[in-house]
Amino acid sequence: MPIGANDFSRDWYSYNENNGDFKMKNFSIQNDTETLIPFIKSAQLQNADIKVWASPWCPPSWMKHNKHYASAVCDPSLKNTKFDNGLPADRAGREGMDMFILKPEYLKAYALYFSKFIKAYRKAGIDIFGVMPQNEFNSAQIFPSCCWTAQGLASFVGDYLGPEMKKLNVDVMFGTMERANYLLVDTILQDSNAKKYVKAVGFQWAGKDAVKEVRRHYPKMKLMQTEQECGDGHNDWNGMLHSWDLLKHYMDNGISIYNYWNVSLEEGGISRWGWRQNSLVVVNPESRTFRFTYEYYLMKHISHFVLPGAVYRPVEGSAKEILAFENPDGSTVLLYMEKEGKDKTVTVKLKGTSFRFFTKANCLNTIKVD
């Protein structure tokens, strides 16, 4: 979940837009009582054990050098439309800079902001198990965003956020990493203060190409995929195949947690700032109806049969489009994607046991062996 506004918020907001309120006396999650909190609590009714982690897209705007929620200027085609973010060109940010004001009073106040968020959500009956300090910290976006350097985040995590979250027994996870440069993670995990608090590292988008190296250098660190690449709003079969490729890439490279973005959107999936995206569920607000997408069924296949605590297992044989897991109850789950457009019989070997099954063309299959 987002801490404050993201690209699908009704509009820009944070939990405290009172300039200079370092004590967070005016902190409030009032906006979320109409949006995120009812949504999460509805999910809790279906699954009381649902795990929630959170990350900000943007801090309160007064904590940024440009005093604005956005970090990039809109495309000229968006000017004077509802998608215009109003950011002047001379206040745009860029990758490789700290847009957050790295002064102790700001860093301390921001850690307090996180603490107030955790406590307010707990009071609302929602336990947040972990936080990441910044969504896509390298990316200057036209929607809520904030570029940081890895060094800036190391200081924030090690000296401010980490100690504050430790008091509340909340995990700090580093990310979200959206670049292929694993040295950005190295900066955090080699920092004497920050590394004490980092329980996991999260990757998305181009960050997928850093996972293998981070895994090699830090084999005991928990790794997460933090955001499914969100498509173009078409929710078609090709989008689902790309999602399969991403799922397989991350599983093959040692991630333990996989997150899909977005759960549900209106038809067309247009964000508040004009970006079309895919979702698991498409909603028609006029008719109050919904439909499931192909990607919903992909995630249904894996999340329904692969249990928490399952172990990913390598598979022998010629079949490449396959994922295999051993569940805590001893059952084995195979997921196979037929992408060549051919009916076929597939044989695979897992831990010395051969499995043979038939699949139709262009079909996702789940095989469970008790």
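Which residue of β4 does Phe174 stand opposite? Phe174 stands opposite Val201. The legends below place this pair and others in their surroundings. The model is predicted.

**View 1. The parallel sheet is open and has six strands.**
The strand order is β1-β2-β3-β4-β5-β6, and the pairing is parallel. At the edges are β1 (52-54) and β6 (257-258), each of which pairs on one side only. Strands β1 and β2 are joined in the parallel sense by three bridges. Ala54 has Val131 in β2 as its bridge partner. Strands of a sheet pair through backbone hydrogen bonds, either parallel or antiparallel.

**View 2. Strand β3 pairs with β2 and with β4.**
Strand β3 covers residues 171-177. Six of its seven residues are buried, so β3 is largely enclosed by the rest of the structure. Strand β2 (residues 128-131) runs parallel to β3, with two bridges between them. Here Val131 has Val172 of β3 as its bridge partner. Val131 is also the bridge partner of Ala54. Strand β4 (residues 198-204) runs parallel to β3 too, and four bridges join the two. In this pairing, Phe174 and Val201 stand opposite each other.

**View 3. The antiparallel sheet is open and has four strands.**
The order is β10-β11-β12-β15, with antiparallel pairing. Strands β10 (311-312) and β15 (363-369) stand at the edges. Each has a single partner strand, so one side of each is left without a neighbour in the sheet. Seven bridges connect β12 (residues 332-338) with β15 in the antiparallel sense. Within β15, Thr366 stands opposite Leu335.

**View 4. Helices α6 and α7 pack on the antiparallel sheet.**
Helix α6 spans residues 237-252 and touches β10, β11 (322-326), β12 and β15. The direction of α6 makes about 50° with that of β11. Helix α7 spans residues 294-305 and touches β11, β12 and β15. The direction of α7 makes about 5° with that of β15.

**View 5. Phe305 is found in helix α7.**
Is Phe305 buried or partly exposed? Phe305 is partly exposed, with a relative accessible area of 29%. Which residues does Phe305 contact, leaving aside its neighbours within four places in sequence? They are Asn327, Val333, Thr366 and Lys368. Thr366 is the residue of β15 that stands opposite Leu335. Phe305 and Leu335 are 30 residues apart along the chain, and their C-alpha atoms are separated by 9.6 Å.

**View 6. The second largest pocket holds about 180 Å³ of space.**
Thirteen residues line this pocket. The closest to the pocket centre are Ala319, Lys320, Tyr336, Glu340 and Lys344. Strands β12 and β13 (344-350) each supply at least two residues of the lining. Which strand gives the most to the lining? Strand β13 does, with four residues. By type, the lining has six charged, four nonpolar and three polar residues. Rolling a probe the size of a water molecule over the atoms shows where empty space is left.

Conventions:
Residues are numbered from 1 along each chain as its sequence is written. This is a predicted model: local features need pLDDT of at least 70, side-chain atom pairs count only at pLDDT 80 or more; totals for chains, interfaces and linings use all residues. Side-chain values use heavy atoms; hydrogens and water are left out. Two strands pair if DSSP finds at least two bridges between them. Contact means heavy atoms within 4.5 Å. Axes are lines fitted to C-alpha atoms, for helices over the stretch in contact, and angles run from 0 to 180 degrees between N-to-C directions. On a 1 Å grid over the protein atoms alone, a cavity is a set of points where a 1.4 Å probe fits but cannot get out, and a pocket is an open set with protein on both sides within 12 Å along at least five of seven lines; lining residues have an atom within 4 Å of a point. Grid points are joined across faces, edges and corners, and a volume is the space filled by probe spheres set on the points. Ala, Val, Leu, Ile, Met, Phe, Trp, Tyr, Cys and Pro count as nonpolar, Asp, Glu, Lys and Arg as charged, and the others, Gly among them, as polar. Buried means under 20% relative accessible area, exposed over 50%, partly exposed in between (1.4 Å probe, protein chains only).
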